[in-house]
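Please give me a tour of this model in the viewer. Tell me what to select at each stop and what is there.

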Number of protein chains: 2
Amino acid sequence: MRVVVSITRKDGLSDPEGATTAKALRQLGYPVGEVHFGRTITLEVDAADAAAARAAATDMCTRLLANPVIEDFTVFVSEGEAVR
Amino acid sequence: MRVVVSITRKDGLSDPEGATTAKALRQLGYPVGEVHFGRTITLEVDAADAAAARAAATDMCTRLLANPVIEDFTVFVSEGEAVR
């Protein structure tokens, strides 16, 4: 089962990558406000159903994929191949 | 207008970060197959409508945010604050 995990920094934490990118985009003439970077992890999980896949992915995020001190994560489960 | 850009590597390119993560997850006992990493960039774009915001974001990706040689990108435009 395909699981997509989206990991973003918690609100209020500084995002130097985003700030630098925002500055570069403005110098190129694009009218942008805030820019934030995040990570997406796509996993093929061997699970009986969507609920089990979601539980496994949440556990993986807490133990390995995300840093719960500074990051928030969202788990999306897809039965088919639509989500990439 | 809020624009979310999802950037992934093109199919067939090696993803060492994903391969290492897959190995680590298997060692922790999770039944995972392939794992792929991508980036998400959330931008506040000052544009008249959704089409203009999408065009600006596509242009930004081509010029600065993505590497079109090895990466694919998808642009999502949201009028409100729902997409993060």
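Start by selecting Met60(A), Leu64(A) and Leu65(A) in H2(A), then Thr21(B), Ala24(B) and Leu25(B) in H1(B): the two groups meet, contact being heavy atoms within 4.5 Å. Helices (H or I, at least four residues) and strands (E, at least two) are DSSP runs, numbered from the N terminus. The model is predicted, so local features need pLDDT of at least 70 and side-chain atom pairs count only at pLDDT 80 or more, while totals for chains, interfaces and linings use all residues. Residues are numbered from 1 along each chain as its sequence is written, chains are lettered from A and ligands numbered from 1 in the order in which they are written, and side-chain values use heavy atoms, with hydrogens and water left out.

Now show both helices whole. H2(A) and H1(B), residues 16-27 of chain B, pack at about 105° with their axes 11 Å apart. Axes are lines fitted to C-alpha atoms, for helices over the stretch in contact, and angles run from 0 to 180 degrees between N-to-C directions. H2(A) is therefore roughly perpendicular to H1(B), a label for angles of 65 to 115 degrees.

Next, select the strands. They form an open sheet of 6, in the order S3(A)-S1(A)-S2(A)-S2(B)-S1(B)-S3(B), with antiparallel pairing; two strands pair if DSSP finds at least two bridges between them. At the edges are S3 (71-78) of chain A and S3 (71-78) of chain B, each pairing on one side only. Neighbouring strands are turned by 25° against each other on average, direction ignored.

Within chain B, S1 (residues 2-9) and S2 (residues 32-45) pair antiparallel over 7 bridges. Pick Val4(B): its bridge partner in S2(B) is Thr42(B).

Now superpose the chains by least squares on the C-alpha atoms of residues with pLDDT of at least 70 in both. Chain B is laid on chain A with an RMSD of 0.0 Å by a turn of 180° and a shift of 0.0 Å along the axis. That is the relation of a two-fold axis. Select Arg39(B): its C-alpha is the nearest to the axis in chain B, at 2.3 Å.

Last stop: Cys61(A) is buried at 0% relative accessibility, buried meaning under 20% relative accessible area (1.4 Å probe, protein chains only).

Notes. Buried < 20%, exposed > 50% of the residue type's maximum accessible area, 1.4 Å probe, protein only. Parallel < 35°, antiparallel > 145°, perpendicular 65-115°, else oblique.
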